[in-house]
Amino acid sequence: MFGAVTVRQLIVVASLGVASLTSAFAAEMVSIKGSIVNMRSGPSTRTDALWELKKGYPLKVLKRKGSWLQVQDFENDRGWVSRKLTSKTPYHVVKSNTVNIRSGPSTKYSIVGKAERGDVLRTRGKKSGWVKVQPSSGKSGWVSGKLVWGW
């Protein structure tokens, strides 16, 4: 049935299939580019504004319709935003009540700041389950990836 197909060829084909599935299901993320942007109930400025989102707020893209994106936030709220008001600049949002911002990627490092639930933090890097962030006011530091949501 397979003719002269080798085991190596089967492995290559299977690997390509898994790679394409993985990339197809990878979540596309965007962040808010404007200072305040409305998340709407539908893909039009004529639909109700559900929420006001501030600069940097991260969102997962669910669907595209014309120049609009259907998105979801860290609380699983869904709505629509204009694609032109979004960016690919990585951000995280704090999902815990309070998080410690540390000087390094571990609880062994000193606390250099704090952030509250809903605070938007610019993403600067990742390492071993930790995210390097920079608050809009304050110096950069590290937070546990379990306490934030975004890129």
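Reader: What relative accessibility does arginine 117 have?
Author: Arginine 117 comes out at 40%, so it counts as partly exposed. Buried means under 20% relative accessible area, exposed means over 50%, and partly exposed is in between (1.4 Å probe, protein chains only).

Reader: Where do these numbers come from?
Author: This is a predicted model, where local features need pLDDT of at least 70 and side-chain atom pairs count only at pLDDT 80 or more, while totals for chains, interfaces and linings use all residues. Residues are numbered from 1 along each chain as its sequence is written, and side-chain values use heavy atoms, leaving out hydrogens and water.

Reader: How many salt bridges in the whole structure?
Author: Three. The criterion is a side-chain nitrogen of Lys or Arg within 4 Å of a carboxyl oxygen of Asp or Glu.

Reader: What does arginine 117 pair with?
Author: Glutamate 75, with the closest N and O atoms 2.8 Å apart. Arginine 117 sits in the loop between S10 and S11, glutamate 75 in the loop between S5 and S6, and the two are 42 residues apart. Strands here are DSSP runs (E, at least two residues), numbered from the N terminus.

Reader: Which residues do shared partners join into one network?
Author: Glu28, Arg64 and Lys88. Glutamate 28 bridges to arginine 64 at 2.6 Å, N to O, and to lysine 88 at 2.7 Å.

Reader: Switching to serine 31: buried or exposed?
Author: Buried, because its relative accessible area is 1%. Serine 31 lies in strand S1. Beyond four places in sequence, its contacts (heavy atoms within 4.5 Å) include Tyr57, Leu85 and Trp151.

Conventions: Helices (H or I, at least four residues) and strands (E, at least two) are DSSP runs, numbered from the N terminus.
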